[in-house]
Amino acid sequence: MGCLGKVILVGLVYMMINLLGAAKGCNFTLLGTEHKTGTIFLRTLVKALSENSCFGCKAKWIGHYQFPIEPSKQYVFSLRNPFAMVTSGYRYHKRGDEDVKISATPKTARAYFLTHGLENLRNKASEVGLPSFGAGETYAHYLQRVDERDGLLAQMLRNEPIWLPNTVYMAQQRGIKNVLVTCLEESERRGAEEVYREILSFLKVAAPCGNKVVLSAVGNANATRAEHGTDRSQDAAQQEIVKELDARYFGGKFANASEIIDCS
């Protein structure tokens, strides 16, 4: 089958799935996240929804969402203050859980998520005075080798081309009827269970199904948070460094985004 035939086949399958969903009165749900902002928080909710047959719709987790909002679907976006995104990303990648060579270019979808932002880092590192990269050096090794300031600046260059504008885009969807925008900071203040219940109410998942889903999601979130979370003891000081770097090298781009995203 040629490329055109495959495209047509995929389109027909997608159309049939949507027609079946419409016949059930079901709105397909996309839950979009950005970087680690909602990887744990929303993906665990999607997992809980998929594991409970009482939920009649298809829930899908995707990251880096920047597509037109379709009126027939529901969207839940989990955002985070962009300064916190930088400091969290810096600590996470420095640890080396998702290590990748700085010279890497994406060849698969999985590789794309691991390597995005690296091209911007390679192109602009010398402009902002960052130390050069070693041959075949990984991003984690680089962060471990340079000082904290340079490491945070490197992470800002990774966030700049994709994570930052995508998060701004999602924030700008506030007020649209079929879109719910949440902040990770809000779930931390109010507790994951309360925010999960708010999301399920938006998705019109009624009790007792909602109760089952929430209990499952909270358990999943606690387990994965313990595995992927980072030490935030230096976060406030690191965010001050990021703010200074933003003013010096990015013209306040991250600060402007912070105003739009409005998560603190």
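Mentor: Helix α3 passes helix α12 in a right-handed crossing. A crossing is right-handed if the near helix is turned clockwise from the far one by less than a right angle, and left-handed if anticlockwise. Helices here are DSSP runs (H or I, at least four residues), numbered from the N terminus. The contact on the α3 side is made by F83, A84, V86, T87, Y90 and R91. From α12 come D235, Q238, Q239, V242, K243 and D246. Contact means heavy atoms within 4.5 Å. By class, this contact has five nonpolar, three polar and four charged residues. Ala, Val, Leu, Ile, Met, Phe, Trp, Tyr, Cys and Pro count as nonpolar; Asp, Glu, Lys and Arg count as charged; the others, Gly among them, count as polar.

This is a predicted model: local features need pLDDT of at least 70, side-chain atom pairs count only at pLDDT 80 or more, and totals for chains, interfaces and linings use all residues. Residues are numbered from 1 along each chain as its sequence is written, and side-chain values use heavy atoms, with hydrogens and water left out.

Now the geometry. α3 covers residues 82-95 and α12 covers residues 235-249. They pack at an angle of about 115°, with axes 9 Å apart. Axes are lines fitted to C-alpha atoms, for helices over the stretch in contact, and angles run from 0 to 180 degrees between N-to-C directions. The two helices are therefore roughly perpendicular (65 to 115 degrees).

Take one residue of this contact. Q239 lies in α12. Q239 is buried, at 15% relative accessibility. Buried means under 20% relative accessible area, with a 1.4 Å probe and protein chains only. Leaving aside neighbours within four places in sequence, Q239 is in contact with N81, F83, A84 and T87.

Next, the aromatic pairs. A search of the whole structure finds four. Rings of Phe, Tyr and Trp (its six-membered ring) pair if their centres lie within 6.5 Å; planes under 30 degrees apart count as stacked, over 60 as edge-to-face and the rest as tilted. One of the pairs is Y75 with F77, which is tilted: 6.1 Å centre to centre, 45° between the planes. Y75 is buried at 0% relative accessibility, and F77 is buried at 0% as well. Another pair, F250 with F254, is edge-to-face, at 5.3 Å centre to centre and 80° between the planes. F250 is buried at 10%. F254 is buried at 0%.

Methods:
Angles under 35 degrees count as roughly parallel, over 145 as roughly antiparallel, 65 to 115 as roughly perpendicular and the rest as oblique. Buried means under 20% relative accessible area, exposed over 50%, partly exposed in between (1.4 Å probe, protein chains only).
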